Amino acid sequence: MVPAERDDACEVIRPEGDADRIQPPPNFQRRWNYRLLLTLAAIVVIAPVFIYALHEYQMRRMASTFLERAEKYEAEGSFALAAKNLQGYLRFNPDDIDARVRMALLTLETAETPGQKQNAYFQLSAVLTKLPERDDLRRKRVELLIDSLPSSAENLPQADQDLDILIGNLHETTSDDPDFARAQKEIVELCVIKAKCCEILSDTEGAIRAYRYAVKIDPEQVTARSHLARLLSRQGQKKEAEDVLKKLVQYRPDSGEGDRARASFYHDAGNLQAAI
C-alpha cells in the first residue's frame, strides 16, 4: 500500500534554524549548585593549609626525635652520636641558640683531628657572636687556641683578645662580693696563660707585664715567678730575677717548690754551683 502524499507517518522533519530547535519550557530557570561550589572553594582554601600543617607536624616530630636521641646519647657518654643527632635537630631548628651551644661543646669534646678542632673553633666563635657574655665559652676558645690548635699568628691574637676580655670582666668583681677570691684566682690563671701567649708571639715585654700582675695578686704563684725570673734574666735583669725567686722561697719556705724553682733557674743559667 502506497501512503498518501501527506501521510504523517512518512513525513521527514528537519530543523531549519534556531527557531526550529527545541526550546526550554517558558517557566525554566537556571540554578547554581551553591553547595557544590562552596564545598569546592573550601577544599581549595583548606587543602594547602592542611598540607602545610601536616608538613610542619612531621618536621617537628623529626626534630623532636633527633633531640631526644641526642639527649639519650649524651647521657650515656656517647658524645659523637649525640653530636650527630643534635646536628640533625639543628637542621630543623637552626635558630635554637641553646642547642647550638650544646653542639659546640659536643664538637669540642669529640674533636681529635686538626680539622675537627678547627670546626669546634668555628662553632664556638659563631655562638660567641650571639652570646658574647658567655665567658665560659670564651675561656674554652682560649684553651683550644693555645693548647690544641697549632700556634700561629692567626689564632693567638684572638686568644690574647679573649684573655683581655675575660680578665676585664673578672675585674668587675668587687672586694665585698662573695666570689671575689675566686675571681682573683682566675685572674692569676688567665694572666699566666696570657703571658705564655705573649711568649709564643715573641712579645717579651707583654709576657713580663702579665707575669708581674699575676705575682702582684698572688705572691706565692710558683709558675708566674719562675717564668718571670727566666724572662728577666734573658733581658739582662739578673738581680731582679734572683730577687723574684728569693721572695718565692720566703713566701713558701716549707713547700720545697721555691727551692726547686730557684735550683732550676740557676741550672738553666749555667750556674751549677748556685743550683746545688
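Q: In this predicted model, does F66 count as buried or exposed, and at what relative accessibility?
A: The model is predicted, not experimental in its coordinates. Buried means under 20% relative accessible area. F66 falls under that cut-off, so F66 counts as buried, at 18%.

Q: Which residue forms a stacked aromatic pair with F66?
A: The structure holds 2 aromatic pairs. In one of them the planes are 25 degrees apart and the centres 6.2 Å apart. Planes under 30 degrees apart count as stacked. The partner of F66 in this stacked pair is F92.

Q: How many residues apart in sequence are the parts that F66 and F92 tie together?
A: F66 lies in helix α1, residues 34–76. F92 lies in helix α2, residues 79–92. The pair therefore ties together parts whose separation in sequence is 26 residues.

Q: Why is the pair of Y121 and F122 classed as it is?
A: The ring centres of Y121 and F122 are 5.7 Å apart. Their planes stand at 55 degrees. Stacked needs under 30 degrees and edge-to-face over 60. The pair is therefore tilted.

Q: Which residue has its charged end over the ring of F66?
A: F66 also takes part in the stacked pair with F92. A charged end sits over the F66 ring, 5.9 Å from its centre. For Arg, the cut-off is CZ within 6 Å of the ring centre. The residue is R91.

Q: What span should helix α7 have, and what is the distance between its end C-alpha atoms?
A: Helix α7 covers residues 180–200, which makes 21 residues. The expected span is 1.5 Å times one less than the number of residues. That gives 30 Å, and the end C-alpha atoms agree, at 30 Å.

Q: Which element gives the most to the lining of the largest pocket?
A: The largest pocket has a volume of about 190 Å³. Its lining divides into 4 nonpolar, 6 polar and 1 charged residues. The elements that give two or more residues are α2, α3 and α4. With 4 residues, the element that gives the most is α2.

Terms used
Residues numbered from 1 in each chain as written. Predicted model: local features only at pLDDT ≥ 70, side-chain atom pairs only at ≥ 80, totals over all residues. Heavy atoms only, no water. Phe/Tyr/Trp six-rings, centres within 6.5 Å; stacked < 30°, edge-to-face > 60°. Buried < 20%, exposed > 50% of the residue type's maximum accessible area, 1.4 Å probe, protein only. Lys NZ or Arg CZ within 6 Å of the ring centre and 35° of its normal. 1 Å grid on protein atoms, 1.4 Å probe; cavity = no way out; pocket = protein on both sides within 12 Å on 5 of 7 lines; lining within 4 Å. Points joined across faces, edges and corners; volume = space filled by probe spheres on them. Nonpolar A, V, L, I, M, F, W, Y, C, P; charged D, E, K, R; others polar.
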